[in-house]
Amino acid sequence: MAAVVLEQLNKIYPNSSHAIIDLDLDIIDGEFLVLVGPSGCGKSTALRMIAGLEDISSGVLRIGDRVVNDLAPKDRDIAMVFQNYALYPHMTVAQNIAFALKLAGRPKAEINERVQHAAQTLQLEPWLDRKPGQLSGGQRQRVAMGRAIVRDPAVFLMDEPLSNLDAKLRVQMRAVVARLQRDLKTTTVYVTHDQVEAMTMGDRVAVLRDGRLLQVDAPETLYERPADLFVAAFIGSPAMNLLDVGLEQNGDQLEAVLNAGRLIVPPAVLAARPGLLAYAGGRVVVGIRPEHLHDPAIGSDHGPARIRGVVELRESLGAVIDLHLRVHAKPAVTTETRQAAGDIELLERQAQVGESVVVATVDSRSKARVGETVELVVDTERAHFFDPETGQAIWD
Ligand SMILES: Nc1ncnc2c1ncn2[C@@H]1O[C@H](COP(=O)(O)OP(=O)(O)O)[C@@H](O)[C@H]1O
Ligand SMILES: [Mg+2]
């Protein structure tokens with residue numbers, strides 16, 4: 001076991017692409033750290049630098065108490081698991097799992113014992129004599145994990161190991177990998193582009209964008225206190241609603257003005273975010289999570305803040321309903337929201353006409369129907385605020 005420390009790490013590829021920029025990351029001994037971000041943000045590059053598969057352009061990398069910048073991959077005491085498993089097709093499961101140990105010249109009895117133990121841990125015992133071609137995707141994935149764990153490394157490095165599995169299996173394997181890591185307590189750096197995977201598996205989650213680390217925190221903290229618009233837009237499903245609003249001072253209170261309504265900034269929010277006062281008379285991005293919009297017909301103790309819109313879509317998920325509301329309010333269009341958006345053109349068109357689609361996750365008893373105009377209660381105590389220029393959350 002070992003801590004992994006990245007200090008001011010940079011990667012500039014020979015074609016001048018600056019893939020990792022001043023990356024500082026302290027991965028605690030025994031921790032499950034997830035690196036998440038959109039495709040091309042530098043996740044694999046960062047992981048491959050830790051593994052020793054890419055040169056470090058500048059900065060210091062420590063594993064345990066050693067600086068390993070110039071150490072060959074085989075001397076770093078790491079094991080890597082890739083998306084494509086990289087199993088040897090002509091070898092049996094047992095031989096695949098044993099391969100690295102054999103290469104290291106371990107005694108036969110020890111190899112057998114370790115392979116048996118790994119197979120037991122990963123429920124692979126019935127398949128030890130099969131070839132990878134005879135296995136399901138999930139079984140192949142477990143063999144790849146087995147190859148990593150028999151080596152008992154100080155650090156596991158995993159690059160999108162579940163991406164090739166179908167959705168249901170992926171959810172099951174998340175739990176398998178997370179439990180395995182918790183049992184072994186081996187420091188793990190896990191790369192994924194899937195924010196749900198990141199949030200469900202990581203002790204902490206590091207969000208990368210364009211080679212830069214935006215925030216690293218426990219999943220709940222990332223969700224409840226996103227430091228930045230990109231993190232806010234990227235983490236959470238359905239995504240946080242992000243609106244471009246005017247902020248007006250009215251006596252000693254602040255009001256966020258949308259065409260679809262006015263939202264008073266609650267005193268507790270203003271106390272926690274005194275920096276908002278500097279934006280009075282200007283514009284901010286207000287963020288509202290879908291679950292912080294309620295149907296006032298259900299339950300009673302709701303505040304006065306409302307947002308009005310026409311129901312465009314009603315998605316019943318059983319336990320809850322997602323209502324898609326067309327509202328007169330400008331969506332926030334910034335570099336961050338554009339990057340997080342599924343459909344940039346749609347976002348820009350909506351901004352032009354001053355209309356947004358706001359998603360509300362409401363109680364399954366809601367009677368709101370498609371085509372109806374409804375007013376939903378906004379839990380403004382839970383609202384987020386961001387600077388539209390810098391994308392930074394507004395606090396002090
Ligand atoms: N071998 C390479 N040579 C030049 N550029 C590269 C190379 N590998 C990756 N890149 C670039 O570095 C950036 C980060 O890539 P990568 O680490 O693969 O991202 P991710 O794993 O997050 O999708 C991208 O812009 C990519 O095009
Ligand atoms: Mg990658």
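## Helix 4 and helix 5

Gly137, Gly138, Gln141, Arg142, Met145 and Ile149 of helix 4 meet Leu169, Met173, Val177, Leu180 and Leu184 of helix 5, where contact means heavy atoms within 4.5 Å. By class, the residues of this contact divide into 7 nonpolar, 3 polar and 1 charged; Ala, Val, Leu, Ile, Met, Phe, Trp, Tyr, Cys and Pro count as nonpolar, Asp, Glu, Lys and Arg as charged, and the others, Gly among them, as polar. The model is predicted, so local features need pLDDT of at least 70 and side-chain atom pairs count only at pLDDT 80 or more, whereas totals for chains, interfaces and linings use all residues. Residues are numbered from 1 along each chain as its sequence is written, chains are lettered from A and ligands numbered from 1 in the order in which they are written, and side-chain values use heavy atoms, with hydrogens and water left out.

Helix 4 (residues 137-149) and helix 5 (residues 167-184) pack at an angle of about 15°, with their axes 11 Å apart. Helices (H or I, at least four residues) and strands (E, at least two) are DSSP runs numbered from the N terminus, while axes are lines fitted to C-alpha atoms, for helices over the stretch in contact, and angles run from 0 to 180 degrees between N-to-C directions. Helix 4 and helix 5 are therefore roughly parallel to each other, given that angles under 35 degrees count as roughly parallel, over 145 as roughly antiparallel, 65 to 115 as roughly perpendicular and the rest as oblique.

## Helix 2 and its partners

Helix 2 (residues 93-103) and helix 3 (residues 108-121) have axes that come within 10 Å and cross at roughly 135°, and the two helices are therefore oblique to each other. The contact is made by Ala94, Ile97, Ala98, Leu101 and Lys102 of helix 2 together with Ile111, Arg114, Val115 and Ala118 of helix 3, and its residues divide into 7 nonpolar, no polar and 2 charged.

Helix 2 also packs with helix 4, at an angle of about 30° and with the axes 7 Å apart, so that these two helices are roughly parallel to each other. Here Val93, Asn96 and Ile97 of helix 2 make the contact with Val143, Gly146 and Arg147 of helix 4.

An open sheet of 6 strands has the order 6-7-8-3-9-10, with mixed pairing, two strands being paired if DSSP finds at least two bridges between them. Strand 6 (78-81) and strand 10 (212-217) stand at the edges with a single partner strand each, so one side of each is left without a neighbour in the sheet. The twist averages 15° from one strand to the next. Strand 9 (residues 204-209) pairs with strand 10 in the antiparallel sense over 5 bridges, and Val205 stands opposite Asp217 in strand 10.

Helix 1 (residues 43-51) packs on the sheet and touches strand 3, strand 6, strand 7, strand 8 and strand 9, its direction making about 150° with that of strand 7. Helix 4 lies across strand 6 and strand 7, running at about 170° to strand 6.

## Domains

The domain assignment, which is automatic or from a database, gives domain 1 (4-233) and domain 2 (234-386). The C-alpha centres of the two domains lie 37 Å apart, and 19 residues of domain 1 are in contact with 18 residues of domain 2.
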